[in-house]
Amino acid sequence: MTAHRASSLFLLITTTSLLFPTSSFSIQQSQVITNALDANKPSPSVQESAARGVLHRLLPTHSSSFHFNIITKDACGGKSCFQISNFRNSSRDSAEIIIKGTTAVDITSGLHWYLKYWCGAHVSWDKTGGAQLVSIPKPGSLPRVKKGGVTIQRPVPWNYYQNVVTSSYSYVWWDWKRWEKEIDWMAVQGVNLPLAFTGQETIWQKVFAEFNITNKDLTNFFGGPAFLAWARMGNLHGWGGPLTQNWLNKQLVLQKQILSRMIELGMTPVLPSFSGNVPAALKAIFPTANISRLGDWNTVDGNPKWCCTYLLDPSDPLFVEIGEAFIKHQIKEYGDVTDIYSCDTFNENTPPTSDPTYISSLGSAVYKAMSKGDKDAIWLMQGWLFYSDSSFWKPPQMKALLHSVPFGKMIVLDLFAEVHPIWKSSSQFYNTPYIWCMLHNFGGNIEMYGLLDAVASGPIDARVSDNSTMIGVGMCMEGIEQNPVVYELMSEMAFRSDRFHLEEWLKSYSRRRYGKSILRLEEAWKILHATVYNCTDGIADHNTDYIVKFPDWDPSAEHGNPEITSDQKLVELRQKRRFLLHETSSLPRPHLWYSNGDSIHALKLFLDAGYEVAEVPTYRYDLVDLARQSLSKLANEVYLDAIYAFWDKNVSALSLHSSKFLRLIEDIDELLATDDNFLLGPWLEDAKKLGMNADEKKQYEWNARTQVTMWYDNKKSEQSKLHDYANKFWSGLLARYYLPRASMYFTRLLKSLQGNEEFKVVEWRKEWIAFSNKWQYGTELYPVKAKGDALAVAKRLYQKYFT
């Protein structure tokens with residue numbers, strides 16, 4: 001694809017790899033991948049202009065205060081870097097600070113670094129409080145840096161961003177205005193290797209047409225807008241669809257805008273490639289092709305209407321033809337924008353045999369399809385399979401896949417490295433270059449959670465380890481716009497070479513986030529660091545709090561209703577039941593890795609500081625989030641109290657605790673309603689805005705409603721296996737969805753106790769599933785603007801529940 005690549009270097013690397021396939025990660029191997037970083041970059045003037053655009057959108061009052069220049073890597077000791085220095089003879093009307101960088105994204109990273117550490121500013125997503133810029137001095141008064149300036153090198157060349165499912169959980173309803181803000185956020189955080197998956201269905205439509213697949217054949221192949229990520233991976237087909245031509249055309253236009261801006265900023269986008277997922281019609285058109293049908297993926301009853309997609313075996317010659325055509329169509333549509341392509345053929349799709357020779361042949365075919373379309377292609381692959389399907393991917397199978405392509409032509413994402421780093425147990429992916437990634441979030445859930453210590457030390461430990469093959473850091477969350485402290489810290493690891501004092505960093509973070517130093521808030525963050533943000537139990541965190549993931553569970557079937565004859569026996573029985581509930585019961589238990597009392601203490605400190613920062617959006621977001629978290633954990637205990645009361649045949653106690661659980665849902669909904677960023681309404685309205693006619697608006701709203709509730713298919717008395725997977729603590733969703741469900745359950749539980757009969761769990765399922773199906777097709781409106789005083793509501797709820 002790119003003529004400037006040195007063929008002799010590639011020959012040397014390939015030959016060396018064949019002779020010494022288990023040798024340490026070489027400089028030449030690293031250079032092949034680093035060359036891809038430097039390829040396809042626009043001129044310095046284009047990049048400098050793009051960086052100025054970021055500055056103007058972020059801080060228009062200071063557009064003339066900074067001067068930007070692109071410099072070579074030679075000026076940075078051979079690495080990517082940014083340099084910050086004082087502009088000579090600065091005045092109010094001229095530049096005060098000059099920032100130089102090897103790319104535009106390095107310049108914007110330097111701008112962000114200066115704003116943070118010299119001006120006390122803070123930049124986060126709008127939905128997590130937005131940017132705190134009030135601490136930045138006026139033009140003409142910007143702080144000067146030390147004489148000689150400051151140079152910050154990237155310790156590793158790549159900073160990766162996104163997960164293949166983020167496109168559905170977070171980006172699905174975005175227009176260009178929202179995408180522009182996200183790319184600006186990427187730019188200041190130093191992201192230079194972003195996934196770019198938008199619009200690929202439109203490319204596939206063109207590719208499959210060459211193989212006699214009609215648009216009608218694709219109606220049951222593509223998933224609906226909110227479920228495209230899983231249709232792309234071959235997990236499902238048709239669910240939420242079909243896609244309209246309006247959608248396909250608009251998404252292609254959007255993708256071109258996204259790619260254009262990424263390129264202008266000096267980023268290297270990662271484009272999709274062919275993984276073997278094909279429409280059913282291809283089997284009829286090519287009857288001799290090696291096409292198999294995959295097994296069920298999370299349907300209720302293996303319904304082939306949605307599940308069991310078709311996979312073209314990579315060993316079939318048709319695989320390479322289709323894969324090559326897809327790469328070439330992207331190049332034709334977008335231009336020469338990248339050499340890096342994402343492919344996850346085996347993600348949650350286990351190969352039919354563990355024979356290493358067969359696995360190697362599959363990997364070779366996948367790469368061949370890429371390289372025939374782009375001779376300089378590099379395969380980027382998620383390493384999730386090595387964790388999620390570790391019983392299959394033993395060392396022989398891992399080596400076979402990782403060594404099936406020339407060394408230096410594959411990058412592995414160590415996707416869950418902050419919890420389960422694969423690099424440690426795989427001899428650094430058997431000498432394959434990898435990126436240390438933080439996964440952190442599943443399903444786009446809203447829960448305060450993190451491993452700050454692991455994030456602050458893990459990338460450094462990996463990079464300096466013996467025979468390290470680490471070439472980057474990355475953020476691979478399933479959903480964004482939550483836990484801003486985690487993402488600010490992870491972004492900084494792209495520029496931190498040495499260990500640092502995390503407690504001091506958090507103190508600085510608190511000052512930047514709220515615009516001033518407030519001792520109570522700094523003390524609260526010290527508590528949060530040691531508790532909420534110190535999860536070391538190794539459990540993949542999904543929010544399974546009982547409010548948002550109500551148990552599909554029959555308490556009467558599990559323990560029965562033994563007679564109680566004395567208070568002493570009641571105490572003994574409750575102690576026995578508590579042990580059973582926590583040790584042997586089938587009742588799902590929410591993930592709790594800290595004492596809720598500690599988070600309540602931190603909440604009290606936040607409330608006490610409120611009079612100083614009540615109007616600061618970043619403070620309000622954190623206050624609402626922390627109060628919500630504390631109240632939700634309390635609700636888990638209240639639910640268990642209700643279950644104990646049911647077992648004790650105590651009607652009044654069951655009524656008391658179930659009523660308290662329902663009131664907690666109502667109160668949390670009121671709290672969430674006080675901040676724009678915790679509302680259901682915007683999610684639904686953004687979906688409808690993309691529709692160009694009534695039918696599209698209806699379809700998109702159903703997609704939006706279904707993803708955050710039932711998610712996938714269900715039967716009348718059997719809910720989706722993925723129900724509540726993408727649960728959200730959003731005002732409107734609590735009051736109008738989670739509350740009615742819990743109310744139905746407790747009403748039936750109380751009735752069964754009063755009538756001295758078994759709890760009719762199947763009847764409850766039928767009732768609430770019917771309610772859910774109706775809600776998913778609903779069109780009622782929800783607020784898009786906050787109401788109420790967040791601080792006042794939080795104080796009142798603290799007094800009500802915690803004093």
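In this predicted model, strand E7 and strand E11, which covers residues 340-342, run parallel and are joined by 2 bridges. Within this pairing, Pro272 stands opposite Ser342 in E11. The two strands belong to an open sheet of 8 strands, in which the pairing is parallel and the order is E6-E5-E15-E14-E13-E12-E11-E7. At the edges of that sheet lie strand E6, made of residues 193-194, and strand E7, made of residues 271-272, each of which pairs on one side only.

A separate set of pairings can be followed from strand E2, which spans residues 81-86 and runs antiparallel to strand E4, residues 150-153, with 4 bridges joining the two. Here Ile84 stands opposite Val150 in E4. E2 also pairs with strand E3, residues 97-101, again in the antiparallel sense, and this pairing extends over 5 bridges. In that case Gln83 is the residue that stands opposite Lys100 in E3. In a regular strand, the side chains alternate between the two faces of the sheet.

Turning to the helices, H11 takes in residues 317-334, and its 18 residues reach 26 Å from the first C-alpha to the last, which is close to the 26 Å expected at 1.5 Å a residue. At the start of this helix, a side-chain oxygen of Asp316 comes to within 2.8 Å of the backbone nitrogen of Leu318. Leu318 is itself one of the buried residues of H11, and the others include Phe319, Val320, Ile322, Phe326, Ile327 and Tyr334, together with Glu324, His329 and Gln330. An α-helix has 3.6 residues a turn, so residues three or four places apart point the same way. After H11 comes Gly335, whose phi is positive, near 95 degrees.

Conventions. Residues are numbered from 1 along each chain as its sequence is written. This is a predicted model: local features need pLDDT of at least 70, side-chain atom pairs count only at pLDDT 80 or more; totals for chains, interfaces and linings use all residues. Side-chain values use heavy atoms; hydrogens and water are left out. The expected span of a helix is 1.5 Å times one less than its number of residues. Buried means under 20% relative accessible area, exposed over 50%, partly exposed in between (1.4 Å probe, protein chains only). A polar contact is a pair of N or O atoms within 3.5 Å; within protein, one must be able to donate a hydrogen and the other to accept it, and residues adjacent in sequence count only if both atoms are side-chain atoms. Two strands pair if DSSP finds at least two bridges between them.
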